[in-house]
Amino acid sequence: MPDPIVPEPTTPAARTVRSCMAKTIRAEAPSPYRRTRPRVEQQRRPYDIDRLTDVALAVFAQRGFDGATMDDVARAAGITKAAIYHHVSGKEELLDRGLRRALEALYAALEEPGACTGRPIERLRFMVRRVAELAVALVSELTVLVRVRGNSETERHAIERRRAFDAAMVAIVREAQRAGEFEASLDAPIVVRLIFGMCNSIVEWYRPHGPLSSTEIADIVERVIFNGVTAR
């Protein structure tokens, strides 16, 4: 499935990311898995490509992509390694699917009304919350994304798209600075790295059955970034 078509951007931040995306986005290769297989064959292979990707991402997040093997994925899925190849060409395709999930979610957030309309500082606040929420909702996907190092074409492509997303965030910060809503003396790219470094760190310690909901975690991140930690 190719990357989703989004409306024509209307803000400087959206135009920045659209410009960067145009240089980096490539169409996703069609899945080798055919949905028209006979029913009896489907019964023998209960995993579809999405569920298999879920399992693979959990394995990659736990072991690291380079340290994980297709045997590990097959064992976690409870199927044979040969059965996996009915769905994908190999480990790299599973990584590509997982990275696309993470990046498409981030880019989709950039097109939500809260990120496109209103004062720059409020749009930045909205994106901080959304990225924190996504780190909880897509913990395996975001874990794999933040750990890529450019060791393959798939990883390099993901890094370029991630940088384009960061550029959009920098554009919002600079708009807020020009509007007098954000401290103008701070370096915008460093600010973005620090802010979203905090959001990305959620994937390292979050546990699904922990005491805090995604909303509560997003509340804390937002308050720390925009209000600080000193009692008033």
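Sorted by class, the residues that line the largest pocket comprise twelve nonpolar, two polar and four charged residues. The structure described here is a predicted model. The lining of this pocket is formed by 18 residues, and those nearest its centre are Arg162, Arg163, Asp166, Val192 and Arg193. Three elements, α9 (139–147), α10 (153–178) and α11 (188–205), each give two or more residues to the lining. Of the elements, α10 makes the greatest contribution, with seven residues. The volume of the largest pocket comes to about 440 Å³.

The packing of helices was also examined. Two packed helices are described by the angle between their axes and the distance between the axes. For α9 and α11, the angle is about 115 degrees and the axes lie 9 Å apart. The crossing of these two helices, α9 and α11, is left-handed. On the α9 side, Val139, Leu142, Thr143, Val146 and Arg147 take part in the contact, meeting Asn200, Val203 and Glu204 of α11. By class, this contact of α9 with α11 consists of four nonpolar, two polar and two charged residues.

The chain as a whole contains twelve helices and zero strands. Its order along the sequence is accordingly written α-α-α-α-α-α-α-α-α-α-α-α. The chain has 232 residues, of which 47% count as buried. Among its contacts between residues at least 6 apart in sequence, 68% join residues at least 24 apart.

How values were computed:
Residues are numbered from 1 along each chain as its sequence is written. This is a predicted model: local features need pLDDT of at least 70, side-chain atom pairs count only at pLDDT 80 or more; totals for chains, interfaces and linings use all residues. Side-chain values use heavy atoms; hydrogens and water are left out. On a 1 Å grid over the protein atoms alone, a cavity is a set of points where a 1.4 Å probe fits but cannot get out, and a pocket is an open set with protein on both sides within 12 Å along at least five of seven lines; lining residues have an atom within 4 Å of a point. Grid points are joined across faces, edges and corners, and a volume is the space filled by probe spheres set on the points. Helices (H or I, at least four residues) and strands (E, at least two) are DSSP runs, numbered from the N terminus. Ala, Val, Leu, Ile, Met, Phe, Trp, Tyr, Cys and Pro count as nonpolar, Asp, Glu, Lys and Arg as charged, and the others, Gly among them, as polar. Axes are lines fitted to C-alpha atoms, for helices over the stretch in contact, and angles run from 0 to 180 degrees between N-to-C directions. A crossing is left-handed if the near helix is turned anticlockwise from the far one by less than a right angle, and right-handed if clockwise. Contact means heavy atoms within 4.5 Å. Buried means under 20% relative accessible area, exposed over 50%, partly exposed in between (1.4 Å probe, protein chains only).
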